[in-house]
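Please load the model in a viewer and keep the selection panel at hand.

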Amino acid sequence: MTARFSFAIHATDGRARTGTITMKRGEIRTPAFMPVGTAATVKAMKPGDVRASGADIILGNTYHLMLRPGAERVARLGGLHGFMGWDRPILTDSGGYQVMSLAELTKRSEDGVAFKSHLDGTRHLLSPERSIEIQRLLGSNIVMAFDELVPTTSTREVQASAMERSMRWAKRSRDAFDAGGQHAEDNAIFGIQQGALDEGFRKASADALIDIGFDGYAIGGLAVGEGQEAMFGCLDFAPGQLPVEKPRYLMGVGKPTDIVGAVERGVDMFDCVLPTRSGRTGQAFTRQGPINIRNARFAEDQGPLDPACGCPVCSTWSRAYLHHLVRAGEILGAMLMTEHNIWFYQQMMADLRAAISEGRLTAFADDFRARYAGGQ
């Protein structure tokens, strides 16, 4: 490993690990949850408040930022860190998922994906080379290779074809990353394992990525509707196909119990819009399970969202006040609910790291699941 990026594993408990990724912009404690800053903002949160929650790194979205305000504009304004006021590491996704899910009239070819913007209908081509260029312009610290995502319900032929194309695009992504000189700066590049739920496809993908060589490896193509049981079935073998000494990132996950189960299976990094999106719609995550603060039973509840939580929201405001804000459509309601949820996720990750370090992960995970399923 070079000074720009290193990963040290400090302790293991079963297949789970806790460690530290070290980059020039700061350390990332693993297992880590990355709040999603889709459009250069973690929605309803100021950067300082995101950091205060315990977040070491956030995620930015290549597809959305390339369309608005534009990667070249962000570069002219000093890069994503200065633009949004976040001075710690940023990971950017490759844009492939949003192209497949949001863009209109997509056409896939070996060159890349041609599509119409969902914002204004303008036409674009996102290729491995262009994806890496956009991430470079944004000033990303962890760059993701460009890949092709297909549903897990696709035929084996479609799954195999998409995985093989993703590996060809991974090589082009790596070549573009190196040609751009990013490897000499505060940057790293992760490859993305594909192959749906098939163990053989996943192994072939992992072997191809290892042959190319990446700083870390993501497990892609999960959390797209296959259900927790199927996802865990894949995670029973997929992380072990990747290098033990490199960080493993499960993309787009997820619910608290998804994360706990994935950590038990050897995953180090996560991202998901769930805590911020749920906060904006009135859902709070608590140790006794999620609650909908809109419900009438909270109208005169003077207790905190979560009695075991020490976040600024739980320390200051009652469920009754938050119920009022959300029901009234006040912006502060979305802000406070989101802040609590981000704190909940970061505390969960801190608890997981401590449990692994102390060799009590199984007991912690079983207790977490039992309390979370108990409801309120």
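Begin by selecting the charged side chains: the 42 positive and 43 negative charges of the protein chain have mean positions 4 Å apart. Lys and Arg count as positive and Asp and Glu as negative, with His and the chain ends not counted; each charge is placed at NZ of Lys, CZ of Arg, CG of Asp or CD of Glu.

This is a predicted model, in which local features need pLDDT of at least 70 and side-chain atom pairs count only at pLDDT 80 or more, while totals for chains, interfaces and linings use all residues. Residues are numbered from 1 along each chain as its sequence is written, and side-chain values use heavy atoms, with hydrogens and water left out.

**The whole chain**

Switch to a cartoon view, where the protein chain shows 15 helices and 16 strands; these are DSSP runs numbered from the N terminus (helices H or I, at least four residues; strands E, at least two). The radius of gyration is 20 Å, close to the 21 Å that the globule rule gives for 376 residues, so the protein chain is as compact as a globular protein of that length. That radius is taken over C-alpha atoms, and the rule is 2.2 Å times the number of residues to the power 0.38. Along its principal axes, the C-alpha trace spans about 60 × 45 × 45 Å.

Next, display the surface. Its accessible area is about 14,800 Å², 50% of which belongs to carbon and sulfur atoms (Shrake-Rupley method, 1.4 Å probe; for residues, only the protein chains shown count as cover). Of the 376 residues, 56% count as buried (under 20% relative accessible area; exposed is over 50%, and partly exposed in between; 1.4 Å probe, protein chains only). Among contacts (heavy atoms within 4.5 Å) between residues at least 6 apart in sequence, 66% join residues at least 24 apart.

**The loop between β11 and α8**

Select Q194, in the loop between β11 (188-193) and α8 (199-212). Is Q194 buried or exposed? At 5% relative accessibility, Q194 counts as buried. Its side chain makes a polar contact of 2.7 Å with that of D147 (a pair of N or O atoms within 3.5 Å; within protein, one must be able to donate a hydrogen and the other to accept it, and residues adjacent in sequence count only if both atoms are side-chain atoms). Not counting residues up to four places away in sequence, Q194 also touches residues including E148, M163, F201 and G220.

A196 is found in this loop between β11 and α8. Its phi is near 55°, a positive value in a residue other than glycine, and A196 is buried with a relative accessible area of 8%.

Move to A223, in the loop between β12 (216-219) and α9 (228-235). A223 is not a glycine, yet has a positive phi of about 60°; with a relative accessible area of 40%, A223 is partly exposed.

**Helix α13**

Select residues 319-328, where R319, A320, L322, H323, L325 and V326 are buried. The buried residues of α13 pack against β16 (291-292), α12 (312-316) and α14 (331-357). Just after α13, G329 takes a positive phi of about 75°.

**Two cis peptide bonds**

Finally, inspect the bond from T30 to P31, which is cis with omega near 0°; P31 lies in the loop between β3 (26-30) and β4 (32-37). The bond from R68 to P69 is cis, with omega near 10°, and P69 lies in the loop between α2 (62-67) and α3 (71-76).
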